[in-house]
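Morning, everyone. Please take a moment with the sequence and the fold on the screen before I start.

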Amino acid sequence: MPTVRGRATTLGALLEGSGLGANFGLLKIDVEGLDVDILKTLDTQRWRPSGIVVETHHWTAADALRDETLVAWTRKAGYVVVGHNRRNLILAEQTWLDRRFKDVKDAYVTLNPALYGPAKK
């Protein structure tokens, strides 16, 4: 396999150079195995995406909830796990959820229609 050289950067530096404001819609992290580690470096005092999708590959939602450092990070940062598929863990900012849904279960059902069918009106 050929060697590919590139410049390494941090998530913070990438966001600083992006031109995004502090509050933006969605952050998707997919860095081949270091995704959760990268997520934990997000400065949530500076950056407040409404949603975060982080690739977890083989994890289930239960695996994610057993990762004590991830659970501690989400609580401290003000995010809630609202979904999971075979590859991604889906987090939403708590204040964003509070403005749009009556509770976390309502959000989970609404944001995961493939699992629960269309949301009931």
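One definition first: buried means under 20% relative accessible area, exposed means over 50%, and partly exposed is in between, with a 1.4 Å probe and protein chains only. By that rule Trp-73 is buried, at 12% relative accessible area.

Now the ground rules. This is a predicted model, numbered from 1 along each chain as its sequence is written, where local features need pLDDT of at least 70 and side-chain atom pairs count only at pLDDT 80 or more. Totals for chains, interfaces and linings use all residues, and side-chain values use heavy atoms, leaving out hydrogens and water.

The sheet comes next. Helices (H or I, at least four residues) and strands (E, at least two) are DSSP runs, numbered from the N terminus. Two strands pair if DSSP finds at least two bridges between them. Here four strands form an open, mixed sheet in the order β1-β2-β4-β3. β1 (26-29) and β3 (79-84) are the edges, each with a single partner strand, so one side of each has no neighbour in the sheet. On average, neighbouring strands are turned by 20° against each other, direction ignored.

Look at β3. It runs antiparallel to β4 (residues 88-93), and five bridges join the two. The hairpin between them passes through three residues. Val-80 has Ala-92 as its bridge partner, and Tyr-79 has Glu-93.

Helix α4 (residues 68-77) lies across β2 (51-55), β3 and β4, at about 125° to β3. Contact here means heavy atoms within 4.5 Å. Axes are lines fitted to C-alpha atoms, for helices over the stretch in contact, with angles from 0 to 180 degrees between N-to-C directions.

On to the cores. A nonpolar core is a set of buried Ala, Val, Leu, Ile, Met, Phe, Trp, Tyr and Cys residues joined through side-chain atoms within 4.5 Å. The largest has 18 residues, and Leu-27, Leu-39, Leu-42, Ile-52, Trp-73 and Leu-91 touch the most other members. α4 gives the most to this core: three residues. Apart from it lies another core of seven, including Val-80, Ala-92, Leu-97 and Phe-101.

Now charges. A salt bridge is a side-chain nitrogen of Lys or Arg within 4 Å of a carboxyl oxygen of Asp or Glu. The whole structure has two. In one, Glu-16 meets Arg-46, with the closest N and O atoms 3.1 Å apart. That pair links helix α1 to the loop between α2 and β2, 30 residues apart. Arg-46 is partly exposed, at 32%.

In the other, Glu-93 pairs with Arg-48 at 2.9 Å between the closest N and O atoms. Glu-93 is in strand β4 and Arg-48 in the loop between α2 and β2, so parts 45 residues apart in sequence are tied together. Glu-93 is buried at 10%, and Arg-48 is buried at 17%.

Last, the rings. Rings of Phe, Tyr and Trp (its six-membered ring) pair if their centres lie within 6.5 Å; planes under 30 degrees apart are stacked, over 60 edge-to-face, and the rest tilted. The search finds two aromatic pairs. Phe-24 and Trp-47 are edge-to-face, because their planes stand at 65°, with centres 6.4 Å apart. Both are buried. Trp-73 and Tyr-79 are stacked, 5.9 Å centre to centre and 20° between the planes. Tyr-79 is buried, at 4%.
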